[in-house]
Amino acid sequence: MRFMPPSFPVSFPVSPPGTIPILIAPNPILKAKAKPVAKADDGAVRELAAKMLASMYLAPGIGLAAPQVGQSLRLIVIDLMPDNKPAPITLINPEILSLAEELATREEGCLSLPGQYAEVTRPARCKVRYLDLTGARHEIEADGLLNACLQHEIDHLDGVLFVDRLSALKRNIIMRRLAKEQRQKREDDRRR
Ligand code: NI
């Protein structure tokens, strides 16, 4: 998830070491329902989470789900950088236990829809259960930015993008604009 436009355009011809390229919509992996992680306390899972965090910080973004880096697994990383200091959370097999009836609207963006932003309305609070990288179980209750971020990222695990929460009209406008901008970017990259 991304909330603020980056202050300068960053374009890497290849991914820097330790990062994974982020898939851009439309892509069938982004629309698929991801599979549960079989074992949370596992070297490969730790390695993937570390690469996802590095890719997210580079982007830059505040949340990233494994399907966005081509891994159809129920794993997300989030860092809201409170006080501008890193505070990463890795959530394995997150499950929404409850959602508030009250709604809240916030501007959202997504690293898989670069440059696109829209106001999204979601339940104002959520309670989520997940496993950490040691396999320990946690529960968190969130409102505000963390709430929106958790719901946005867990949506990714079910093949749902923030534009799927908008009207068909708004979604089509954004998807057409994204396709046009990506086409333009590819042409610019070729000329460089
Ligand atoms: Ni996203």
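The following paragraphs describe the sheet and then the helices packed on it.

This is a predicted model, in which local features need pLDDT of at least 70, side-chain atom pairs count only at pLDDT 80 or more, and totals for chains, interfaces and linings use all residues. Residues are numbered from 1 along each chain as its sequence is written.

Five strands form an open sheet in the order β1-β2-β3-β6-β7, with antiparallel pairing. Helices (H or I, at least four residues) and strands (E, at least two) are DSSP runs numbered from the N terminus, and two strands pair if DSSP finds at least two bridges between them. At the edges, β1 (63-65) and β7 (137-143) each pair on one side only. Within the sheet, β2 (residues 75-78) and β3 (residues 89-99) are joined in the antiparallel sense by four bridges, and L75 stands opposite I92 in β3.

Helix α2 (residues 43-58) lies across β1, β2 and β3, at about 40° to β2; axes are lines fitted to C-alpha atoms, for helices over the stretch in contact, and angles run from 0 to 180 degrees between N-to-C directions. Contact requires C-beta atoms, placed from the backbone, within 7 Å.

In α2, V45, L48, A49, M52, L53, S55 and M56 are buried, meaning that 20 or more other C-beta atoms lie within 10 Å of the residue's own, whereas exposed denotes 12 or fewer and partly exposed the range in between.

Note on methods
Two residues are in contact if their C-beta atoms, placed from the backbone, lie within 7 Å.
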